[in-house]
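Biologist: Could you walk me through this one, piece by piece? I would like to start with the charged side chains and then move on to other parts.
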Amino acid sequence: MDQQQHAVTPERIMQFAWGFAPPLVIEAGIRHKVFDALDAGPKTVEEVAAATGASARGLRAIMNCLVGLELLKKSDGKYELTPESSTFLVTTKPSFFGGMVAHTSGQLMPPWLHISDVVKTGKPAAAVNLEGDGSAFFQELVSNIFPMSYGAAQALAKHLNFGEAGGPVRVLDLGAGSGVWGIAVAQSSPRVEVTAVDWPAVLPIAQKTAAKFGLAERYKTVPGDLATADFGRDYDVITIGHILHSEGVERSKQLLRKCFDALAPGGTIAIQEFLVNADHTGPPMGVIFAVNMLINTENGDTWSFEEIAGWLKEVGFANPRLLEAPGPSPLILATKG
């Protein structure tokens, strides 16, 4: 037995086997207000128990685990937040990202338990990209994932740089969800007018979010499925945030054709996706999300920049390019010539 073979251990397999645990521990911490309680300053387990009403035994177990996950610090029997948990896991802060954790444990894990059957049949556990099955799913999801896309949407708005002066700028936000893409662009310029398209059950969430940001007067909606809704014409910008992965190749190409027709000459399309490399073997987030699409959609997948750029060129777009932005992948931009 050579030295390299002798050094092989099951440590990584053990880590994978317990990979379900961190999001559930984090969610328990959020639900029992651990991060909120510690936002005021360091506390003992007993002090957190008094503030939250949770058991000291339960809190001690999860808080020590959160220290091990480097989401809390512990010194002299007191626990305190790290910069990461202070920014993203305190429910009262605009940057709160804990909704994504709740989405993982509450909506994603149950269908993932059927992965072996899905792999055998090639059919999803439930097709959440179809309105009948998906409306309730997305009603819960979209508000939870607003922070995931807000930084990227702000980066897009900064890049577009519409400024204060000039005529109206028309933005079409497809599959608007929480409204994050149109809202961020509208925040950047009083010239921007947004039209949001999504299922009737989801659009009220986008409208409510737009109103919260003071944008209700510049925010219009078109209810309907992306395949059949009338988008209108002559938009300056169209955003497609995390939609193509659920649609499959043919529906994605059809959507891009509709976008080309709806844009004004010189208009920009902006796409966010979980991109993978040319071999579809990485990065981890992209290939894991491809399996998520196997489990939750009929034809969904993740693709490389080169593949999506090819679709854009095929329907007439010019200059597909990447724009670095916060989030899982860069944005893809292209121009209607």
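Biologist: Is Arg-31 buried or exposed?

Modeller: This is a predicted model, and in it Arg-31 counts as exposed, because its relative accessibility is 59% and the cut-off for exposed is over 50%.

Biologist: And which side chain does Arg-31 meet in a salt bridge?

Modeller: The partner is Glu-27, and the distance from N to O in that salt bridge is 2.7 Å. Both residues lie in helix H3, where they are 4 residues apart, about one turn of the helix.

Biologist: Where does Glu-27 fall, buried or exposed?

Modeller: Glu-27 counts as buried, because its relative accessibility is 12% and buried means under 20%. The salt bridge of Glu-27 and Arg-31 therefore has a buried Glu-27 on one side and an exposed Arg-31 on the other.

Biologist: How many salt bridges does the count come to?

Modeller: The count comes to 7 salt bridges. Another one of them is formed by the side chains of Arg-60 and Glu-46, at 3.0 Å from N to O. Arg-60 lies in helix H6, residues 56-68, and Glu-46 in helix H5, residues 45-52, so this pair ties together parts that are 14 residues apart in sequence.

Biologist: What about the accessibility of Arg-60 and of Glu-46?

Modeller: Arg-60 counts as partly exposed, with a relative accessibility of 38%, and Glu-46 counts as partly exposed too, with 46%.

Biologist: Which residues meet in a salt bridge at 2.8 Å?

Modeller: Those are Arg-251 and Glu-247, with the 2.8 Å taken from N to O. Both lie in helix H14, residues 244-262, again 4 residues apart and about one turn of the helix. Arg-251 counts as partly exposed at 31% relative accessibility, whereas Glu-247 is buried, with a relative accessible area of 10%. There is also a network in which salt bridges that share partners join Lys-253, Arg-257 and Glu-314.

Biologist: Changing topic, what is the strand order in the open sheet of 7 strands?

Modeller: The order is S5-S4-S3-S6-S7-S9-S8, and the pairing is mixed. The strands at the edges are S5, residues 219-223, and S8, residues 317-323, each of which pairs on one side only. On average, neighbouring strands of this sheet are turned by 20° against each other, with direction ignored.

Biologist: How many bridges join S8 to S9?

Modeller: There are 5 bridges between S8 and strand S9, residues 331-336, and these two strands run antiparallel.

Biologist: Then what do S1 and S2 form?

Modeller: S1 and S2 form a hairpin with 2 residues between them, and Asp-76 in the turn has a positive phi of about 55°. The two strands, S1 at residues 72-75 and S2, run antiparallel and are joined by 4 bridges, and Leu-72 stands opposite Leu-81 in S2.

Biologist: Which residues of S2 are on its covered face?

Modeller: Strand S2, residues 78-81, has Tyr-79 and Leu-81 on its covered face, while Lys-78 and Glu-80 are on the uncovered one.

Biologist: One last topic, the cysteines. How many disulfides does the structure hold?

Modeller: The structure holds 0 disulfides. As for individual cysteines, Cys-65 counts as partly exposed, with a relative accessibility of 32%, whereas Cys-259 counts as buried, with a value of 0%.

Terms used
Residues are numbered from 1 along each chain as its sequence is written. This is a predicted model: local features need pLDDT of at least 70, side-chain atom pairs count only at pLDDT 80 or more; totals for chains, interfaces and linings use all residues. Side-chain values use heavy atoms; hydrogens and water are left out. A disulfide is a pair of cysteine sulfur atoms within 2.5 Å. Buried means under 20% relative accessible area, exposed over 50%, partly exposed in between (1.4 Å probe, protein chains only). Two strands pair if DSSP finds at least two bridges between them. Axes are lines fitted to C-alpha atoms, for helices over the stretch in contact, and angles run from 0 to 180 degrees between N-to-C directions. A salt bridge is a side-chain nitrogen of Lys or Arg within 4 Å of a carboxyl oxygen of Asp or Glu.
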